[in-house]
Structure formats: structure tokens, C-alpha cells
Amino acid sequence: VQAAGEESDEFIPVRTIEDLYNIRDDLNANYRLMNDIDLTEATAKGGDWDFMGNGWNPIGSNDVYGDGTFTGIFDGGDHTIKGMRIEVAEWPAGTGDGVYLGLFARVSGEIRNLHMESGKIENVIGRETVYVGSIAGDSEAAIIGCSNTNSISSGSDSSYSSYCTHYSGGIVGNSSAEIRNCYNIGSVFAVSSSNSVYARNYSYSGGIAGS
């Protein structure tokens, strides 16, 4: 019997892209990355894991860039996920006004010892609220010992709405929990603009978290 506060040793091993992708089937379990994973070819246009031509389909997205939340522990084991591409060219049918882009859509629980490298996340299509981060768009998780070199960019066209907010961060777009011993050396960009004189547009960007 596990004592209160004691960490479970029951971690599901993640060795392949398929293992990583299938985390979405159980967002409450604990996982451990056992080796580096290269997504460069897999998420390139026409690759085996290219969703709608947009690249990686975030874990928890429910195929509409939604806010499904990973609530377990993801231990990266100091391994690297390399070459993840997300370049949104069109939204799937059913996508709401809030969208979440990253390896995960949203996270709580804990993410640790994970390194994101040599990838790209870019969104140029308007939505009212857009969260973009290498690990997750939005976080209520403790994120410890992680790093990023991916480039992160989010900006809306002025025709979508006069109310747009973009959150872009190297680790997460928006965080309401602890981030410790992490670093980012990837470029981060966010812009939100409109031609409307009544527009209320906001953009938040930061090396670790946009907000």
C-alpha cells in the first residue's frame, strides 16, 4: 500500500513515437521516457504523425486543439524529444475559441527532466485565446528540470476577432504553478492585432512562460 506522499513506482515506459502519442488514451497515468525520440520526419508535412498537415497533434487535444489535461507524472528521464513541428494551417472542424498547442495541450500533476529540442510551433490563425508552449499550452503542473530550444510563435490575423489574446512561452504559454530549474534558449514571439478601433487584443510572451 502506498503511503501518503509516497511516489508510485508504476510508470508506463515510453520508447517510441506511438507510445508517446498514445498517452492521450490515459491522461491520468504516470509515464517515463526511456530514450530520446526524434519527431523530425514523423511530424514533417506528409509524415506518419502529421495531423491535417499541421504536424504534431498535442496530447489531450481531442483532435480539436482542445484543453484535455494530462494529470499524471511525466518523467523525461533527462531524455530529449527532438524536431516536433506544429504549424497550424487550418483548424479542425469543432475547434473552439480557446486553443492549446504544445507537446501536451494542458498539464497538471508533474512534468520533469524533459528536454525539447530543434522543433517549431507556429500559429498564425486567429482564435480568441491561444496558448502556445513547447511542453504545454497551459499548465497547472509542477515543471522541474526541463529545457527548450524549439522556436515558439503565435499571432492572429486581424480579420478573426477584435478580442484576441495570445500566450507564448518557451516551456509553457501560461502557468499557475511552480516552474523550477528550467531554461529556454529558443525564440519566443507573440502578437495580437486588429484593424478594429474597438479591439481589445493582448499578447504575452516569455522565455519560460508567457504569463
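**Ground rules.** Residues count from 1 along each chain as its sequence is written, and side-chain values use heavy atoms, with hydrogens and water left out. Since this is a prediction, local features need pLDDT of at least 70 and side-chain atom pairs count only at pLDDT 80 or more, while totals for chains, interfaces and linings use all residues.

**Core.** I looked up the largest nonpolar core and found 43 residues. Such a core is a set of buried Ala, Val, Leu, Ile, Met, Phe, Trp, Tyr and Cys residues joined through side-chain atoms within 4.5 Å; buried is under 20% relative accessible area, with a 1.4 Å probe and protein chains only. L20, F74, F104, I111, L114 and I135 touch the most other members.

I then checked I135. Beyond four places in sequence, its contacts (heavy atoms within 4.5 Å) include F104, I111, L114 and I171.

**Sheet.** Next came an open sheet of 4 parallel strands, in the order β6-β10-β15-β20. Strands pair if DSSP finds at least two bridges between them. β6 and β20 are the edges, each pairing on one side only. I counted 4 bridges from β15 to β20, and I152 has V188 as its bridge partner in β20.

**N174.** Is N174 buried or exposed? It is buried, at 16% relative accessible area, and sits in strand β17. Its side chain makes a polar contact of 3.3 Å with that of S211. A polar contact is a pair of N or O atoms within 3.5 Å; within protein, one must be able to donate a hydrogen and the other to accept it, and residues adjacent in sequence count only if both atoms are side-chain atoms.

Key:
Buried means under 20% relative accessible area, exposed over 50%, partly exposed in between (1.4 Å probe, protein chains only). Helices (H or I, at least four residues) and strands (E, at least two) are DSSP runs, numbered from the N terminus.
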